[in-house]
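The sequence and coordinates come first.

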2 protein chains.
Amino acid sequence: MSKQKGILTVLSGFSGAGKGTVLRRLLEKYDNYALSISATTRGPREGEENGREYFFKTREEFEKMIAKDELIEYAMYVNNYYGTPKAYVQEQLAEGKDVILEIEVQGALKVKEKFPDTPLIFITPPTAGELKRRLTDRGTESPEVVEERMKTAAKEARFMESYDYIILNERDRLEECVEAVHGVILAEHEKSTRNQAFIDHMKEELKGE
Amino acid sequence: MSKQKGILTVLSGFSGAGKGTVLRRLLEKYDNYALSISATTRGPREGEENGREYFFKTREEFEKMIAKDELIEYAMYVNNYYGTPKAYVQEQLAEGKDVILEIEVQGALKVKEKFPDTPLIFITPPTAGELKRRLTDRGTESPEVVEERMKTAAKEARFMESYDYIILNERDRLEECVEAVHGVILAEHEKSTRNQAFIDHMKEELKGE
């Protein structure tokens with residue numbers, strides 16, 4: 001329905017599932033999307049720009065954001081904070097953009113707890129074998145790292161049923177996967193729970209007939 | 001996800017909302033859909049064929065179907081029975097077809113009660129004024145009939161929030177409406193609750209890694 005606020009959607013999936021490619025294609029194809037930009041205390045890498053890849057923060061700044069409840073979710077990896085600033089997401093939603101949060105399983109469940117009407121989408125290859133093949137075919141990961149990733153995947157899989165939607169990303173079928181994600185977000189817009197104002201208005205109007 | 005069973009979807013909407021046009025276009029554009037064919041005790045009109053527009057039944061036959069619980073839902077209008085035979089729907093679903101049931105509000109709620117995972121879609125023009133205009137512009141309805149339809153719409157509107165999805169059919173935007181209905185049904189296929197077998201399989205596979 002037009003003039004609706006944007007929808008916040010969480011996208012997760014196994015490392016190697018192809019989330020990044022799906023997201024890039026989605027943003028290329030449709031103009032209703034915005035990616036959420038994370039804040040982090042890790043230093044910028046070469047080519048990374050503040051406000052594009054990340055909002056780069058000092059530890060002190062980040063902890064102030066936590067204290068002021070300015071983050072939708074946050075976590076610490078390898079001694080660095082990573083989190084999702086609320087303000088940026090809310091701005092984008094108010095402009096009618098559908099904001100996609102690409103985060104891992106634990107963060108996803110925290111977002112769902114805080115904002116229960118956030119659809120959680122999980123992207124997965126069709127089989128574990130295919131996942132392993134993709135991780136191996138990258139050629140950048142040592143066999144040990146591939147093993148580590150597969151173990152992480154096994155842990156993450158236990159949370160798949162907490163997601164609202166499971167979307168397959170099959171080999172050579174990127175467009176299908178992108179369309180499925182897009183379809184889910186379109187469908188979310190049509191939910192009657194998101195259109196209560198319209199329903200009330202229509203009822204009122206028809207009463208007057 | 002491939003090889004899934006079809007999904008039964010209910011489509012309702014005000015008389016004049018354009019449901020028929022939306023359905024025709026949906027079936028023209030995509031090959032995953034089948035319309036449910038109703039059974040009725042009213043006699044065939046010119047050009048109507050048994051098993052195409054309706055399954056034509058005698059009152060005795062129809063009441064036997066009721067007694068044997070062979071109908072998903074049924075109702076009586078103007079002294080004739082109308083209902084949805086289970087067998088035909090189940091055949092189509094088993095073949096992987098998404099079956100669309102175009103029925104009115106009371107029937108829709110009965111289906112939801114019996115099959116709670118059936119998505120209910122409600123098609124509506126953007127305003128009551130637009131609904132009236134469409135009914136009037138048909139030129140086939142007397143002002144009294146238009147008034148009657150508007151009163152029925154007011155009654156039906158009270159049930160809009162029992163529907164899962166509200167989809168606008170705006171003037172000159174048929175394709176948008178068709179895509180929205182299609183998107184909703186695609187999205188329903190991706191729901192984790194409909195993919196428990198896949199999730200279980202993936203978990204098992206990853207455990208073995």
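## Helix 4 of chain A

In helix 4 of chain A, spanning residues 105-114, the residues Val105(A), Gly107(A), Ala108(A) and Val111(A) are buried. Buried stands for under 20% relative accessible area, exposed for over 50%, and partly exposed for what lies in between, with a 1.4 Å probe and protein chains only. Viewed down the axis of helix 4 of chain A, the buried residues fall within an arc of 160°, so they line one face of the helix; the arc is that of the directions from the helix axis to the C-beta atoms. Helices (H or I, at least four residues) and strands (E, at least two) are DSSP runs numbered from the N terminus.

The cover over these buried residues includes strand 1 (8-13), strand 5 (71-77), strand 7 (98-102), strand 8 (120-124) and helix 6 (143-157) of chain A. Contact here means heavy atoms within 4.5 Å. At the start of helix 4 of chain A, a side-chain oxygen of Glu104(A) comes to within 3.1 Å of the backbone nitrogen of Gln106(A).

## Basis of the model

This is a predicted model, in which local features need pLDDT of at least 70 and side-chain atom pairs count only at pLDDT 80 or more, while totals for chains, interfaces and linings use all residues. Residues are numbered from 1 along each chain as its sequence is written, chains are lettered from A and ligands numbered from 1 in the order in which they are written, and side-chain values use heavy atoms, with hydrogens and water left out.

## Chain A overall

Chain A contains 8 helices and 9 strands. Its C-alpha atoms fill a box of roughly 70 × 45 × 30 Å along the principal axes. Of the 209 residues in chain A, 45% are buried. Among contacts in chain A between residues at least 6 apart in sequence, 66% join residues at least 24 apart.

## Interface of chains A and B

Chain B and chain A bury about 3,400 Å² between them, 67% of it on carbon and sulfur atoms; this area is the accessible area (1.4 Å probe) that two parts lose on being put together, summed over both. The contact takes 38 residues from chain B and 38 residues from chain A. The count of salt bridges between the two chains is 2, a salt bridge being a side-chain nitrogen of Lys or Arg within 4 Å of a carboxyl oxygen of Asp or Glu. One of them joins Glu161(B) to Lys203(A), with the closest N and O atoms 2.4 Å apart.

On the side of chain B that touches chain A, at least two residues each come from helix 5 (128-137), helix 6 (143-157), strand 9 (165-168), helix 7 (174-190) and helix 8 (196-207) of chain B. Helix 8 of chain B gives the most, with 7 residues.

## Helix 3 of chain B

Helix 3 of chain B (residues 86-94) has Lys86(B), Tyr88(B), Val89(B), Gln92(B) and Leu93(B) as its buried residues. They pack against several strands of chain B, including strand 1 (8-13), strand 5 (71-77) and strand 6 (80-85). Just after helix 3 of chain B, Gly96(B) takes a positive phi of about 90°.

Most residues other than glycine have a negative phi. Asp69(B) has a positive phi, near 55°, and sits in the loop between helix 2 (59-67) and strand 5 of chain B. Asp69(B) counts as partly exposed, at 42% relative accessibility.

Asp172(B), also not a glycine, has a positive phi of about 60°. Asp172(B) lies in the loop between strand 9 and helix 7 of chain B and is exposed, with a relative accessible area of 78%.

Methods. Polar contact = N/O pair within 3.5 Å; in protein donor to acceptor, adjacent residues only side chain to side chain.
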